[in-house]
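Biologist: I have a model open and would like to go through it with you. Could you put it up so that we are both looking at it?

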Amino acid sequence: MTTSIVVQDVSKTFRYQAHPTLKKVLQDRLRGEHAKGSFKALDGVSFEVQQGESIGLMGLNGSGKSTLLKLVSGVMRPDEGQVLVRGRISGLIATGAGFHNELSGRDNIYMNAAMLGMTKEETDAKFDDIAAFADVGRFMDTPVGNYSSGMFARLGFSVAVHVDCDIFIADEVLAVGDRPFKRKCLKRMKEIRESGITMFYVSHSAASVKKMCDRAIVLDKGTVGFDGDVEEAIKFLHYDGDDDEPDAEDEDERDEELANDI
Ligand SMILES: Nc1ncnc2c1ncn2[C@@H]1O[C@H](COP(=O)(O)OP(=O)(O)OP(=O)(O)O)[C@@H](O)[C@H]1O
């Protein structure tokens, strides 16, 4: 079996400036002080992924999932440790990342595709499929600055799923987009998974991770809290009392319905 991703003792620290109240800001300014601190978003994270595995990346808000995906995709570098990746990466890290508001949907497709390593000829050949999947209709030649957040997501996801890649990363796919689009995304991701591409799927939805993934990594305050069987990972997460949230349960039921549709 070929190893696809190696994450070795990786840590990432961010600096932040904390000014809790306007009064405190003014006091600090008068004293010539700036409240600065640092925050370890990832702390000694290690795991390996084999080619073709489909990993659900789970964890509470702020546990470090997006940061980890940024390191894996090369958008960011770790402060400590190393990330080794084999092959071409595609995916959607953040909705609308790398989009230029003043350019049309069409121009952004070409630019986004180029950023993901596609040549102009490849994009020409796939343009109609990309446009059909995004389904933004007559807005294709409108500047994307005038798009709704859902339309933004459709365009970005559509380019990402049409890139020939070895690793596919999907963050927040189900967070935006209407129900038919979510269904289409899940269906396409299932095809990607079945074609032997390594997949990293970030989701708060237990149902869709169960459907999509054969292994789950749960991040817990920047460390690997659990790595293994999806059902066990979901149980691990419920220790934190997620199932007390009626809204989360409703959402999970809706996602379960969606996941069962595909
Ligand atoms: N560029 C940055 N500068 C400062 N802090 C950051 C930066 N990026 C992330 N963080 C902090 O790192 C922590 C982890 O953030 P991250 O976005 O990785 O979490 P997450 O698990 O993806 O959360 P969510 O489920 O809410 O999307 C958070 O506390 C966040 O505020």
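Biologist: Let me start with a detail: which residue in β9 does A216 stand opposite?

Modeller: A216 stands opposite G228 in β9. Please keep in mind throughout that this is a predicted model.

Biologist: And how many bridges join β8 to β9 there?

Modeller: Five bridges join strand β8, which covers residues 215-220, to β9, and the two run antiparallel.

Biologist: What is the strand order in the sheet of six strands?

Modeller: The order is β5-β6-β7-β3-β8-β9, in an open sheet with mixed pairing. The strands at the edges are β5 (89-92) and β9 (223-228), and each has a single partner strand, so one side of each is left without a neighbour in the sheet. From one strand to the next, the twist averages 15°.

Biologist: Which strands does α2 touch when it packs on that sheet?

Modeller: Helix α2 touches β3 (54-59), β5, β6 (167-171), β7 (198-202) and β8, and its direction makes about 155° with that of β6. Helix α6, residues 179-194, packs on the sheet as well, where it touches β3, β6 and β7, with its direction at about 145° to that of β7.

Biologist: Staying with α2, why do you call it largely enclosed by the rest of the structure?

Modeller: Seven of the nine residues of α2 are buried, so the helix is largely enclosed by the rest of the structure. Those buried residues are K65, T67, L68, L69, K70, L71 and V72. After the helix comes G74, whose phi is positive, near 85°.

Biologist: Switching to the ligand, which residues surround it?

Modeller: The residues around the ligand are F14, Y16, A41, G59, N61, G62, S63, G64, K65, S66 and T67. Both β1 (3-17) and α2 (65-73) supply at least two residues of that shell, and α2 gives the most, with three.

Biologist: How do the shell residues divide into nonpolar, polar and charged?

Modeller: Three residues of the shell are nonpolar, seven are polar and one is charged.

Biologist: Zooming out, how is the protein divided into domains?

Modeller: Domain 1 takes in 1-87 + 191-262, and domain 2 takes in 88-165. Eight residues of domain 1 are in contact with six residues of domain 2.

Biologist: What gives the most to the side of domain 1 that touches domain 2?

Modeller: That is α2, with three residues. The residues on that side of domain 1 divide into five nonpolar, two polar and one charged.

Biologist: Last one for my notes: how many helices and strands are there in the protein?

Modeller: The protein has nine helices and nine strands. Of its 262 residues, 38% count as buried. Among the contacts with a separation of 6 or more, 73% are accounted for by residues 24 or more positions apart.

Definitions and conventions. Residues are numbered from 1 along each chain as its sequence is written. This is a predicted model: local features need pLDDT of at least 70, side-chain atom pairs count only at pLDDT 80 or more; totals for chains, interfaces and linings use all residues. Helices (H or I, at least four residues) and strands (E, at least two) are DSSP runs, numbered from the N terminus. A residue is buried if 20 or more other C-beta atoms lie within 10 Å of its own, exposed if 12 or fewer, and partly exposed in between; C-beta atoms are placed from the backbone. Two residues are in contact if their C-beta atoms, placed from the backbone, lie within 7 Å. A residue is near a molecule or strand if its C-beta atom, placed from the backbone, lies within 6 Å of it. Ala, Val, Leu, Ile, Met, Phe, Trp, Tyr, Cys and Pro count as nonpolar, Asp, Glu, Lys and Arg as charged, and the others, Gly among them, as polar. Two strands pair if DSSP finds at least two bridges between them. Axes are lines fitted to C-alpha atoms, for helices over the stretch in contact, and angles run from 0 to 180 degrees between N-to-C directions. Domain bounds come from an automatic or database domain assignment.
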